[in-house]
Amino acid sequence: ALALIAPWIACRTPAPSSAVPDALAACTPPDTLALAGVNLDRLRASPFYQMLPPGAAAFLQPLRDASYLLLAYNGKDVLAVAGGRFREPPSGAVLLAKDLAVSGSPEAIRAATAQRKTGRPGARWLLDRAPAGGQIWAAAQGGVAFPLTGDAANLNRFLSFAEYASIAVHLDTGVRIDALGAGRTPESAQRLEESLRAFLTLAAAGAGRDRPLADLLHAIQ
């Protein structure tokens, strides 16, 4: 949760991004509220790939033939769309083409299939705000209350001030996390900045003897 909200917040609108392959983007339903992507080829090439925790490695194992993974969430269902060279469908997935697999609830798969037939993405506005460059990224529409609990629920508070928010994780010679929150107005952007700054100040004060966490919080720009 900290990684989603901590790093770098800037109030600006970026140029449209080409972070997502067209074939995968064309499967995003129009009711999508949040997107996340993993460039699996670049992740595997990263020196940090061998350091992934066992849970993450197990999650990625069925995607060994995939080069890119896109996740779309509409407030109810999660749709997974994978691009790659599939000899057979990943576990629990359905092949829409030899290089395109989808998985999720029956409703999510039907929505992806129907959207693909139109030849265009249903969530273009959100796709255009996907950050390019990182191996892992996410983008969410602002003003939406996601089903989060505990400390993670703070994310809904920040999103209430934003038109949208995004995050990109870069795993190269080091780890860098860039986050962006775009306010609907200058006033909402200022409230977002003030709320985030107050949260980080309190988090740093509460880190206590957790030195790695304290160092992380103090490294945020």
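This is a predicted model: local features need pLDDT of at least 70, side-chain atom pairs count only at pLDDT 80 or more; totals for chains, interfaces and linings use all residues.
Just past the end of H8, Gly208 adopts a positive phi of about 55°.

H8 has a buried side, made up of Ser188, Ala189, Leu192, Ser195, Leu196, Leu200 and Ala204. These residues sit on the same side of H8 because they cover an arc of only 165° around the axis. Turned away from that buried side is a face with the exposed residues Pro186, Glu187, Arg197, Thr201, Leu202 and Ala205.

Elsewhere in the chain, Thr28 lies in the loop that runs between helix H2 (22-25) and strand S1 (34-39). Thr28 has a relative accessible area of 1%, so it counts as buried, the cut-off being under 20%. Beyond its neighbours within four places in sequence, Thr28 is in contact with Leu35, Leu70, Gln115, Pro121, Gly122, Ala123 and Leu127. Thr28 and Arg120 are 92 residues apart along the chain, yet 8.8 Å separates their C-alpha atoms.

Gln115, one of the residues that Thr28 touches, belongs to helix H5 (residues 106-118). Its relative accessibility is 11%, so Gln115 is buried too. Setting aside residues up to four places away in sequence, Gln115 touches Ala26, Cys27, Thr28, Pro29 and Pro30, along with Arg120, Pro121 and Gly122.

Notes
Residues are numbered from 1 along each chain as its sequence is written. Side-chain values use heavy atoms; hydrogens and water are left out. Buried means under 20% relative accessible area, exposed over 50%, partly exposed in between (1.4 Å probe, protein chains only). Helices (H or I, at least four residues) and strands (E, at least two) are DSSP runs, numbered from the N terminus. The arc is that of the directions from the helix axis to the C-beta atoms. Contact means heavy atoms within 4.5 Å.
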